[in-house]
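Morning, everyone. Please bring the model up on your screens.

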Amino acid sequence: MDYSKKGIENKQNNIKSNSRRLISKARITLFRLCIISFVFLAIVGSFAGFGFVKGLIDSAPVITQIDVVPKGYTTMVYDKDGNIIENLAGANSNRTFVPLSDLPDYVKYAFISIEDERFYEHKGIDVRGMLRAGVKGLTSFDFNEGASTITQQLLKNQIFNGGREATFIQRVERKIQEQYLAIQLENELDKDTILEDYINTINLGAGTYGIQTATKKYFNKDAKDLTISEAATIAAITQRPVYLNPITYPDDNKKRRDEILNKMLELGHCTQEEYDTAMADDVYTRIQSINSVEETTSYYSYFVDQLIDQVMEDLQTELGYTQSQASNLIYSGGLSIYTTQDSQVQKICDDVYLDEANFPKMGISFWELTYSLSIQKADGTTIHYHGNDLLDYYKDFDDPDDLYVDNNGSSFSLLFLDKDDMQAKIDAYRDAMMEDGDTLLGENVTMTIQPQSSFVVMDQYNGEVQALIGGRGEKIGNRTLNRATDTLRQPGSTFKILSTYLPALDSAGLTLASTQDDVGPYYYPGTKEEVTNWTSTKEYNGLTTLREGIYNSMNIVTVKTMVDVTPQVGYDYLMKLGFTSLVNTRTEENGSVVSDINLPMALGGLTDGVSNLELTAAYAAIANGGVYTEPSFYTKILDRDGKVLLDKSPKKVQVMKESTAFLLTSAMEDVVKIGTGTNLKLTAINMPVAGKTGSTSKYYDLWFSGYTPYYTATIWSGFDNNRTQTDKTYSRKIWKTIMEQIHIQKDLETKSFTKPNSVVAVKICTKSGKLAVDGLCDEYIGGDTTRTEYFAEGTEPTKYCDVHIKATVCTKSNALATDNCPPAYLREKVFLNKTETSKTDDTPFILPSKSCWIHKQGTQSNPVTNTPEDSTIVIDPSIDGDDLEDAIKSIIIPDE
């Protein structure tokens with residue numbers, strides 16, 4: 001370095017040179033420009049950032065208009081005794097609210113310790129947590145470090161759809177709005193309210209939301225009873241509800257749980273002793289024990305199915321809800337529905353229906369196939385196949401093992417015995433239909449056990465349905481076919497009571513003593529369609545009271561009574577009894593007009609049929625003294641706040657006289673005592689039963705609807721798709737078994753049906769329906785026809801029997817005696833004075849139309865004479881037919 005004077009001068013000259021000055025000046029200018037640019041960009045960026053943030057804040061929801069209270073609550077369904085029988089929960093609604101004040105402090109601190117340890121200190125956002133997350137993000141490029149407070153998480157779940165953003169930018173935008181709202185929310189709500197909403201909102205795995213439902217799931221207890229160990233286990237789930245589920249991922253949950261317990265000890269939220277106890281707790285063994293049964297899909301019962309339908313309808317008709325609103329309220333509204341179900345009665349019904357021994361045994365149970373198959377062909381066309389296509393494919397199938405029920409001459413049928421064999425045939429059929437390039441769009445295979453059955457039990461006095469069976473076998477879904485309420489079947493002879501005998505006694509001027517002549521052939525008036533009785537042989541009873549027409553289920557008597565009543569009157573009564581499926585008039589697709597207002601209605605011949613539930617309700621009206629009560633499945637519904645939403649006050653209507661109801665009951669008691677339903681008598685207990693049997697052609701349908709002084713019940717049995725039943729009694733055994741068990745288990749005392757004061761008893765003759773004549777009706781050669789009959793007061797007969805007549809006959813000719821008949825052959829007998837058109841049970845006892853021809857004036861000759869000397873029989877050629885036969889008998893058969 002040259003420090004001489006000259007060197008210094010040279011240095012100064014060099015610095016002062018123009019080029020150097022320009023370079024230096026340029027550098028200074030560039031530096032200034034950089035500073036200015038940086039400041040400018042900083043200012044612009046600040047304004048842009050401010051504008052961006054302000055825009056997000058301005059577009060954020062208004063704090064006064066947001067609601068962070070948990071949405072979607074489980075609806076609880078209770079039986080009549082207040083026991084929970086079902087939970088109704090839609091998506092994200094399996095939640096039961098629990099107040100924070102009901103929980104031990106360590107429960108809330110389990111969540112605070114792991115999710116937001118400074119929850120009670122910050123004002124909505126945790127700045128320290130944000131800085132920590134920011135530093136980690138910048139150093140590791142991992143921006144997933146949690147810094148959200150409980151307040152922010154609550155907002156994310158309730159306002160921002162759980163924070164499921166598609167991009168990083170969207171996530172940033174949501175975070176800014178979330179933080180802004182968190183600060184505002186904490187100015188609106190206190191900390192405990194925020195925490196209460198949070199623990200009732202969060203997803204806690206296994207389809208549970210909120211701590212109460214999760215506690216029930218994992219520990220089968222209420223949240224207020226959680227231990228510290230259990231509380232930490234549930235709090236551990238919050239971060240990742242699927243992969244920290246203690247049932248399926250116990251090891252991962254345990255790591256998180258231990259971290260929570262350590263935090264609680266560190267922060268002073270538990271003592272060392274509590275910590276040690278919690279760490280030693282084998283909570284996961286307990287969870288596995290409680291949830292040890294393999295989870296299967298559980299469907300609502302048939303009772304709950306119908307309950308939902310009734311609640312849906314009532315919400316719409318009574319409160320004006322739309323169908324969508326009603327559905328949302330039922331599945332997410334946190335309602336409390338108090339049903340009419342008696343769990344004890346329901347269990348009796350369930351147990352009987354689960355016992356296969358109560359159903360027909362034909363090798364093993366029948367199964368019926370419902371099948372559909374959809375295939376998209378390689379060219380894009382779609383073909384749909386159904387059961388009939390399957391039948392056609394196997395039309396030449398040989399069935400050496402008799403596994404299939406004959407179907408129109410084919411060995412293959414959709415009704416079968418072996419499910420595995422049928423499945424193999426289905427698989428083979430599907431493979432045969434599929435070709436290269438085809439796509440299977442869908443296949444539905446449903447195998448339903450047959451025959452099917454339904455059962456309804458009602459309390460006749462208030463209309464409450466106590467139990468309901470909608471089918472037998474495995475239930476395959478919610479709100480599926482309910483054979484007790486949805487299926488319409490022909491009611492057979494059970495309808496005789498409701499359509500014919502009820503109006504006959506109530507308003508048509510007939511009584512149980514009124515008679516019809518059961519004689520045939522008989523045709524529906526104006527037609528060539530014959531009415532026959534249900535017996536296999538064409539035998540006719542002759543003069544028959546309505547009582548006997550009821551207990552012996554006599555078709556001709558019933559139809560003749562309906563002619564007197566008229567179908568329109570019968571139909572009007574049926575409408576009062578709550579039937580909704582009857583057809584007044586309807587035009588079919590083919591242009592034909594159908595109506596149920598006709599004479600076949602007397603025998604249950606209907607266009608569509610009736611449901612078990614409505615038939616039960618109609619019979620319950622008779623059991624309840626003539627008061628029809630609309631069947632109900634619930635008594636009241638409370639909203640989530642405990643306020644009454646719906647009060648199911650029973651709708652009652654007096655549809656018949658009290659006396660009519662008793663008269664029908666009395667006649668139907670005879671059905672069980674001496675009529676068509678003797679095998680329905682309750683033998684295990686002493687309890688009266690009144691009811692009516694019913695069946696349809698080829699025994700497609702088997703019915704019994706009956707009642708005791710306590711309950712009304714109806715059973716239907718048959719194949720879903722009509723097929724002949726050979727066992728005609730199994731359904732009666734089921735009805736009897738269920739009703740015996742109900743009355744025994746409930747320890748119900750024996751009592752009779754109550755006779756109202758409006759009913760009187762009179763001794764009548766069953767052949768005339770009039771007052772009996774002593775020495776006449778009781779000495780009838782066909783048997784004593786007197787009995788004490790019940791009448792509505794004022795309808796009892798006032799005239800005496802006029803069909804029985806006492807006459808003197810000659811025992812030699814069995815004809816009316818003349819003055820010439822010797823006294824030794826004279827006998828007084830009581831006959832029926834009636835004109836017969838064909839042979840009936842009355843025929844042998846009809847008053848003879850001719851006088852004795854054996855004993856003539858001045859001679860003892862006989863048209864048939866036995867001459868002792870030569871044993872020659874001389875026959876009067878003028879005598880023939882029945883008179884000849886009687887004359888021969890008078891000689892050959894000695895007089896008694």
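Gln344, Val345, Ile348, Cys349, Val352 and Tyr353 in α15 meet a set of residues in α24: Ile734, Thr737, Ile738, Gln741, Ile742 and Gln745. To meet here is to be in contact, which is defined as heavy atoms within 4.5 Å. In this contact of α15 with α24, eight residues are nonpolar, four are polar and none are charged. On the terms: Ala, Val, Leu, Ile, Met, Phe, Trp, Tyr, Cys and Pro count as nonpolar, Asp, Glu, Lys and Arg as charged, and the others, Gly among them, as polar.

A word on the source. This is a predicted model, where local features need pLDDT of at least 70 and side-chain atom pairs count only at pLDDT 80 or more, while totals for chains, interfaces and linings use all residues. Residues are numbered from 1 along each chain as its sequence is written, and side-chain values use heavy atoms, with hydrogens and water left out.

Back to the pair. Helix α15 covers residues 343–354 and helix α24 covers 730–745. They pack at an angle of about 145 degrees, with axes 10 Å apart. Axes are lines fitted to C-alpha atoms, for helices over the stretch in contact, and angles run from 0 to 180 degrees between N-to-C directions. α15 passes α24 in a right-handed crossing, meaning that the near helix is turned clockwise from the far one by less than a right angle.

Now the whole protein. It has 25 helices and 29 strands. These are DSSP runs numbered from the N terminus: helices are H or I with at least four residues, strands are E with at least two. How many of the 896 residues count as buried? The figure is 47%. Buried means under 20% relative accessible area, exposed means over 50%, and partly exposed is in between (1.4 Å probe, protein chains only). Among contacts with a separation of 6 or more, 69% join residues 24 or more positions apart.

Next, Gln310. Its place is in helix α13, residues 302–319. Is Gln310 buried or exposed? Gln310 is buried, because its relative accessible area is 10%. Its side chain reaches the backbone nitrogen of Phe633 at 2.8 Å. Leaving aside neighbours within four places in sequence, Gln310 also has contacts that include Pro631, Ser632, Tyr634 and Lys648.

On to Lys681. It lies in the loop between α23 (658–673) and β20 (690–695). Not counting residues up to four places away in sequence, Lys681 touches Val672, Lys736 and Glu740. Lys733 is 52 residues from Lys681 along the chain, yet their C-alpha atoms are separated by 9.9 Å.

Two cis peptide bonds to look at. One runs from Gln450 to Pro451, with omega near -5 degrees. Pro451 is in the loop between β7 (439–450) and β8 (452–459). Another joins Gly520 and Pro521, with omega about 5 degrees. Pro521 sits in the loop between β10 (515–518) and β11 (522–523).

Last, positive phi. Asn92 is not a glycine, but its phi is near 60 degrees. Find Asn92 in the loop between β2 (84–88) and α3 (105–115). Asn92 counts as partly exposed, because its relative accessibility is 47%. Ser553 is not a glycine either, and its phi is about 50 degrees. Ser553 is in the loop between α19 (546–551) and α20 (555–565). With a relative accessible area of 4%, Ser553 is buried.

Key. A polar contact is a pair of N or O atoms within 3.5 Å; within protein, one must be able to donate a hydrogen and the other to accept it, and residues adjacent in sequence count only if both atoms are side-chain atoms.
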